[in-house]
Protein chains: 2
Amino acid sequence: MIQMECDILVVGAGVLGLSSAYYLKKGNPEKSVVVVDRLGGPGQGNSAKSEGGYRNLFTSESNYLLADSTIDFMHHMEDDMGHDLKLSEMGYLFLYSEEQYARYRGALKRIEERGSETRIIGKEELKGMIPGLVTDFEGDEEAELLGLEPVDMGVFGAKCGGVDADALVRAYESEFLKAGGETRYGTEVEELIIKPVEELEIPGEPFVWQDVHITGVKTSKGDIEAETTVVATGVWSEKLLDPVGLDSYMRPKKRQIFAFKDSRLSSLLEVKGFNSYGAIPLTILPKAAILFRPEFSEGTFWLACADDLGRAFGLEDEPEAEEDYYTNNVYHVLVKYFPCFEDVRPVNMWAGQYAINSFDSLPVVTGEEGLIYVGAASGSGIMKCDAIGRIVAAKYAGEEGAELYGGRRFKVADLGISERNVERETLII
Amino acid sequence: MIQMECDILVVGAGVLGLSSAYYLKKGNPEKSVVVVDRLGGPGQGNSAKSEGGYRNLFTSESNYLLADSTIDFMHHMEDDMGHDLKLSEMGYLFLYSEEQYARYRGALKRIEERGSETRIIGKEELKGMIPGLVTDFEGDEEAELLGLEPVDMGVFGAKCGGVDADALVRAYESEFLKAGGETRYGTEVEELIIKPVEELEIPGEPFVWQDVHITGVKTSKGDIEAETTVVATGVWSEKLLDPVGLDSYMRPKKRQIFAFKDSRLSSLLEVKGFNSYGAIPLTILPKAAILFRPEFSEGTFWLACADDLGRAFGLEDEPEAEEDYYTNNVYHVLVKYFPCFEDVRPVNMWAGQYAINSFDSLPVVTGEEGLIYVGAASGSGIMKCDAIGRIVAAKYAGEEGAELYGGRRFKVADLGISERNVERETLII
């Protein structure tokens, strides 16, 4: 049963699906572009569950271009296009021990040389700026047990901050709709339809000797035929790609956010010298990849932990946050560096999943025969969404390069597979 | 319950597990090295289901080194070490149309320049050598429907052929046992054991702030503790690696073999000019990546098809061959080029799975914290097994380079992830 035909079908109304859809429609106003999603609205998979941090600090030049231009565009969306993204450029503050800093020095130098505004802040200055911060643990047996690194310095990135991921997704959706795109929510895509390029109407097609292409999808509400199908289903991509033998180049991994709202944390909003908010930046501890940031619109703090070895890969439809994870894991480290968190309990918590590309940690934009796959964004798709959407549209158009916001160019094939050409990212949080 | 302790535990008695185990034991005679496998003997997963073809023709320099040195070592095993591997150096014959050849010309030139013995054979000469071969299909409507490419030439590789994969696996097993290694069959490894480096004996360990390492495995017969655990479980690797958050860099894909024994095929054993057997080489058709080779010990022909887009990824414990796949898919193409197959039906068929690395099609040897993972060999692990085993042992020893058979060196980190440095393979069958 054919429910619908369109020129370009985008599966997945997350941030990458909607930014791709927007640039596809914008570049091809005469084409019908439709976004489908199994959920009831945009961004309800993992996009809106994100901590919404953004940074232009990446060791990989490609990552830098993707993020830096997206950050510029997000400002443009707020300043000139009338979208309230709750952008708060509070900065990112990486706290390091001498030893850790030495390990990253080369990478940080390259980051600085390419023009990212970074600043090294010494321990004493840091302590002056963030009065509650504990930097040394000499004689603290518990800290030794926890294997805590001292804070010897901070690396501050100014062109970094937070964005309301939900607002960002809705902004792309509204621009897409304004440009004449269509959305169909509550429509679950069950499988890709693969057909011979020259159909013979013989049972058993496609045969191995037939050239094949993707001609659309089967959904819970009937088939959709499309000249081009864009798969932008994040961690769920393998469910669509595996059956046709295409790799999704990622493994799904759960990540949790814990939200705090407590007067005992008010000192973190009285921090000078980093940003116009007089607040602590998004801060990454020197241990266990724990990070937190102020979320100004609700007066809360959001905390996450980029755990690694020992935490499972595997697709979950409804990942759940575990309070234990905070109380038994994160809390003990956090409270050492920031004693203001003592006895403060999360008022809210939720979990989502990252689509982690362990090969090089960069997103993938690839495809063939009527299909474009965009994904494997490794947890930083939101802060690169604008550039990635433009690259998807350029790939669709068969262009060699995509023009990113601000005029910089990105070679489309660099994010593909057969001619992939990216530097592995090493600044992963 | 601890069943056993050892220094090095190799999980998986396939060809990569056993070659790794052999070089690990050989290089560390004082260490206890144990191979475990859930099945009753060596190679019973996918190794012995292979077609057993080997070639030194790869576009990737790394692949060439891995395969070429392994081929040399297999000859050494037969000639000097007393193993009957049923090596039959019949050569590989790629049949190409002009158009296909033009596409591969650059790659083939590089292959030739590095010293692989290849020979271009023109159409007329080919027809003289293989009397039954059909090269042109003008006016044949069915051939047009099938989209067949004509045969305009052949590219013959002399240092290529077939090996009895089961015999090869058993040869490594016997060398490993001779060196003092141990095997435990019928022992299913259920999960990797991950522990804090400094255990506190607190419930909930490991916590995110603890450094962790792999300390062995849980099996159906109790735990095995090991200083180093080598995961060499091929397509099953994700079952062990996913739960600890390590990527296996591969997707499993079914491949089928069809065996033929029929007097109508005897003309294929009366082919001159390719090899000392007077037989047709392993031959790859210019359509649908169909290939077949004589298997001399049983007087049969083995046929396979390297299908691609449209055939699912996904782990199967007992993949089954489908006769339909031959009769409806492969047969129609095969019989056009080789009419001697007309009405010949397979006498046997079986299926296994490839562990396909879609990123660059090269194997992965990586690991950290007590674990080494070797896999993602993309269907060509058998023909590279000796080199890969040596690289695993070099990685274990912390050496920068591995010495391959014949004295050539291979940088261990090149097959790793964080400093991976290989050329993508483009000659994939």
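B:Glu201 is exposed, because 6 other C-beta atoms lie within 10 Å of its own; a residue is buried at 20 or more such atoms, exposed at 12 or fewer and partly exposed in between, with C-beta atoms placed from the backbone. Phi of B:Glu201 is near 60 degrees, a positive value in a residue other than glycine. B:Glu201 sits in the loop between S9 and S10 of chain B. Helices (H or I, at least four residues) and strands (E, at least two) are DSSP runs numbered from the N terminus. A:Ser378, also not a glycine, has a positive phi of about 60 degrees. The place of A:Ser378 is the loop between strand S18 (371-375) and helix H9 (385-396) of chain A. A:Ser378 counts as buried because 24 C-beta neighbours are found inside 10 Å.

The model is predicted: local features need pLDDT of at least 70, side-chain atom pairs count only at pLDDT 80 or more, and totals for chains, interfaces and linings use all residues. Residues are numbered from 1 along each chain as its sequence is written, while chains are lettered from A and ligands numbered from 1 in the order in which they are written.

| Cis peptide bond | Omega |
|---|---|
| A:Glu205 and A:Pro206 | about -5 degrees |
| B:Glu205 and B:Pro206 | about -5 degrees |

A:Pro206 belongs to the loop between strand S9 (189-196) and strand S10 (212-219) of chain A. B:Pro206 lies in the loop between strand S9 (189-196) and strand S10 (212-219) of chain B.

Chain A has nine helices and 20 strands. Of its 429 residues, 53% count as buried. The C-alpha trace of chain A spans about 80 × 45 × 35 Å along its principal axes.

In chain A, eight strands form an open sheet with mixed pairing, in the order S5-S6-S4-S13-S14-S15-S12-S16. Strands pair if DSSP finds at least two bridges between them. Strand S5 (118-122) and strand S16 (348-356) of chain A are at the edges with a single partner strand each, so one side of each has no neighbour in the sheet. From one strand to the next, the twist averages 20 degrees. Nine bridges join strand S12 (residues 251-260) of chain A to S16(A) in the antiparallel sense. A:Lys254 has A:Gln353 in S16(A) as its bridge partner.

Helix H3 (residues 98-113) of chain A packs on the sheet, where it touches strand S4 (92-96), S5 and strand S6 (153-157) of chain A, and its direction makes about 150 degrees with that of S5(A). Angles run from 0 to 180 degrees between N-to-C directions, with axes fitted to C-alpha atoms, for helices over the stretch in contact. Contact requires C-beta atoms, placed from the backbone, within 7 Å. Helix H8 (residues 323-337) of chain A lies across S12, strand S14 (290-295), strand S15 (300-305) and S16 of chain A, at about 95 degrees to S14(A).

An automatic or database domain assignment sets the domain bounds. Chain A is divided into domain 1 (2-53 + 166-249 + 359-415) and domain 2 (92-157 + 252-355). The C-alpha centres of domain 1 and domain 2 of chain A are 34 Å apart. In chain A, 14 residues of domain 1 are in contact with 13 residues of domain 2.

The contact between the chains takes 38 residues from chain A and 38 residues from chain B. On the side of chain B that touches chain A, strand S12 (251-260) and helix H8 (323-337) of chain B are the elements that give two or more residues. H8(B) supplies the largest share of that side, five residues.

Definitions and conventions. Contact = placed C-beta atoms within 7 Å.
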